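Subject: Handover of a structure, with findings

Dear colleague,

Please find the structure below, handed over for your own work. My findings follow it.

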Amino acid sequence: MELATESAPAAEATQTVIEARALVREYGPVVAVDGIDLALGEGEFLAIFGPNGAGKSSLLGMLGGALRPTSGEVRIRGVPLDFSAGAWRRRVGVLSHKGFLYAHLTAEENLRFYGRLFGLKDLDSRIPERLARVGLTNRARFEVRQLSHGMRQRLSLARALLHDPDVVLLDEPFTGLDPSAASVLRDVLRELRDGYRTVVMVTHNLSEGLALATRVTIQVEGRLAWEGPTTSLEREGFEGFYHKVVEGRT
Amino acid sequence: MSLYLDQIRAIIWKDLLLELRTRERIAAMGAFAVLAGVLFNYSLDQARVAPQDVAAGLIWMTLVFGGLLGVGRTFYLEAQDGAMEGVLMSPAPKDAVYLGKTLANFALLFPVALLILGVFWLFFGLDLGSNPGILVLALGLGALGFVALSTLFAAVSSGTHMGETLLPILVFPLLVPMVVYGVGVTGRIMVGRPVEEVLGNVRLLAAFALVALAAGAVLFRFVVED
Amino acid sequence: MSITGMRRTGTGLAVVGLLGMMFVFWLSFFWVSTEASQGVAQRIFYVHVPAAWTTFFAFGLCALTSAMYLWLRDERLDRAAVSAAEGGMIFGTIMLTTGPLWGRIAWGTYWTWEPRLTLTLLLWFIFLGYFMVRSSTENPEKGKRFAAVVAIVGALDIPFIHVSVLWFRSLHPQPVVVRPEDGPALPGDMLTLLLTSLAAFTVIFLGLFMLRYALEGLRRELDVRARKVAA
């Protein structure tokens, strides 16, 4: 099967927002990420597919400044991540399958806590607005442990986007979502993409990824084995192609 | 600077609010303080040993062991649902995170220290001596030095697969000087020695707490980085 | 210096140091004059004091290289730190066994809370923590950082421990036998022997340190090669 091999011309047109150069991450003798280069501009949505153990989460961790690369560097709008508290952290929002929420704080308190860490001034108006956006207005005063899994996921989404980041990093965000939470997430992600934010999403869910992404990459054993724009992909044939890439047959 | 202080305040607010909701750690430490007093009552032959003579050491040992119960869990609460990762990815400087958590732990431990003093006073009819104010100051400085070291090393031990078991092994050798100074102050004040005699030790307790806080603030980032 | 160079120099130093130590043993048994008040037992002093000195030197080296490791993130600094820590552990153990042996005869008790003995005991336990955190993380880099933090805080704690153990002593009866350091200046032959022994111990330590450093380097190289074969 012949799939896209041409590079994405749109990527060069917009300003580069997040950029990775020769990223390597080792855990002792284990190499999780083995030399990855990436550059994403405004409005680009990259879906990273790949089998377990391909180093996808490590890559995402380095892009978000949670993991220090063994070598190589990440730049956000030209500013290299220096692992201090730099202002660049305000530009990044992270949503993982873990919620980063405190079970004994209310939905409102969780957002307030993060808002204060980010130094946001308008929390009294911002928090109700964001809770409304994810449909949790009437749960604002509920402790997180009293919320359903789907509600928690929606709250996590509100938390990740509270400070309006330019770059949004998502690690398996659709895992375990009920249909209504998944649809809220899908809408929000589409909005981000159309609002010229930059999104990187790691996922196993090929159809969800293809539906949202502008670019797709397949990561195998710490390297990007294949990369291309979604426009040139045949949706039906992609799964077969994916398996071929993963098994190293292309 | 005001943002830095507000980030510290946010972490203290969050930790104390969590404690207010769960009451896990304060209950554990408080119960330990009272039960330790009860056990000491039965392990001392009060016909031969006057509680007044040994109380100083027992008070400080109860503070150290009780403190470990509470501080040891400080990062366990954060690890659930990955909350700490979220905090570390925020723009809050790592030293602000450390100072916030340490001060929140202090806010929990200091009342426990006063409770320990109260328990010993009540159970053993201790004479608090020439200057109870200095006693409280010494316990406060001791509690501060203790949380400064043990918050840092609680972060270390929670990052290992040994978890909380490792914490006492790491902090006990380091806490020896603090216990020596603290017992010195407490013992002397309780037998009615003049305040001037213990001021040197109080200063050493303060220096210990400050050095521990500074070291923790600088080194914390190397512990939590991934 | 290359790893091979390190290994050769280390072996050379260790051999020279061991020969030196045998010479020290010969001197302390057959050459040096017997100290008047303590008799033969005092001769353990020629092992005890150099071991103590080496322990403190090793700990200082470990803390210094640990701090530099956190700052520069150079693998070699961590290798140096762990090599120094192992040396400190060995010589600390020697110090902690010879001290009580002498104490039993001189003071009539195996253990006293003599300040320097106490300080070494606490250092030994800090080293123990150093190795425990190092080996109990999944990601070895994390273990290295944790260990470095333990070493640095340990070093900062030393002045406090020192003041506290000295101060603590004043609450307790003084040892009845005056320690050798407090007595009149050492007679010439004793001083010569002490300095010789000090040199021998330091050379042994440096030899072991370099050997251990080279070993860590080889281990790292092995990892890299294994990875290349696997790829």
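**Helix pairs**

Helix α3 of chain A and helix α1 of chain B are roughly antiparallel to each other. Please note that the model is a predicted one. The conclusion about this pair rests on the crossing angle: the axes of α3 (residues 107-117) of chain A and α1 (residues 2-22) of chain B cross at roughly 155°, and angles over 145 degrees count as roughly antiparallel. The two axes come within 8 Å, and the crossing of α3(A) and α1(B) is left-handed.

A second pair lies within chain C. There, the axes of helix α2 (residues 45-72) and helix α3 (residues 75-106) come within 7 Å, with a crossing angle of roughly 155°. This angle makes α2(C) roughly antiparallel to α3(C). The crossing in which α2(C) passes α3(C) is left-handed.

**Chain C as a whole**

Chain C contains 6 helices and 0 strands, so that its elements, read from the N terminus, run α-α-α-α-α-α. The chain has 231 residues, of which 49% count as buried.

**A nonpolar surface patch on chain B**

On the surface of chain B, a nonpolar patch is formed by B:V34, B:L35, B:V38, B:Y42, B:L115, B:W121, B:L122 and B:F123. Together these residues have about 800 Å² of accessible area. Two helices of chain B, α2 (24-43) and α6 (94-124), each supply at least two residues of the patch.

Two residues in loops of chain B deserve a separate entry.

- B:R23 is a residue other than glycine with a positive phi, near 55°. Its place is in the loop between α1 and α2 of chain B. B:R23 counts as exposed because its relative accessibility is 52%, and the cut-off for exposed is over 50%.
- B:D81 is not a glycine either, yet its phi is positive, at about 60°. B:D81 lies in the loop between α4 (74-79) and α5 (83-89) of chain B. With a relative accessible area of 34%, B:D81 is partly exposed.

Yours sincerely

Notes: Residues are numbered from 1 along each chain as its sequence is written. Chains are lettered from A and ligands numbered from 1 in the order in which they are written. This is a predicted model: local features need pLDDT of at least 70, side-chain atom pairs count only at pLDDT 80 or more; totals for chains, interfaces and linings use all residues. Side-chain values use heavy atoms; hydrogens and water are left out. Patches are made of residues with over 30% relative accessible area and no salt bridge: like charges are joined within 9 Å, nonpolar side chains (Val, Leu, Ile, Met, Phe, Trp, Tyr) within 5 Å. Accessible areas come from the Shrake-Rupley method with a 1.4 Å probe; for residues, only the protein chains shown count as cover. A salt bridge is a side-chain nitrogen of Lys or Arg within 4 Å of a carboxyl oxygen of Asp or Glu. Helices (H or I, at least four residues) and strands (E, at least two) are DSSP runs, numbered from the N terminus. Axes are lines fitted to C-alpha atoms, for helices over the stretch in contact, and angles run from 0 to 180 degrees between N-to-C directions. Angles under 35 degrees count as roughly parallel, over 145 as roughly antiparallel, 65 to 115 as roughly perpendicular and the rest as oblique. A crossing is left-handed if the near helix is turned anticlockwise from the far one by less than a right angle, and right-handed if clockwise. Buried means under 20% relative accessible area, exposed over 50%, partly exposed in between (1.4 Å probe, protein chains only).
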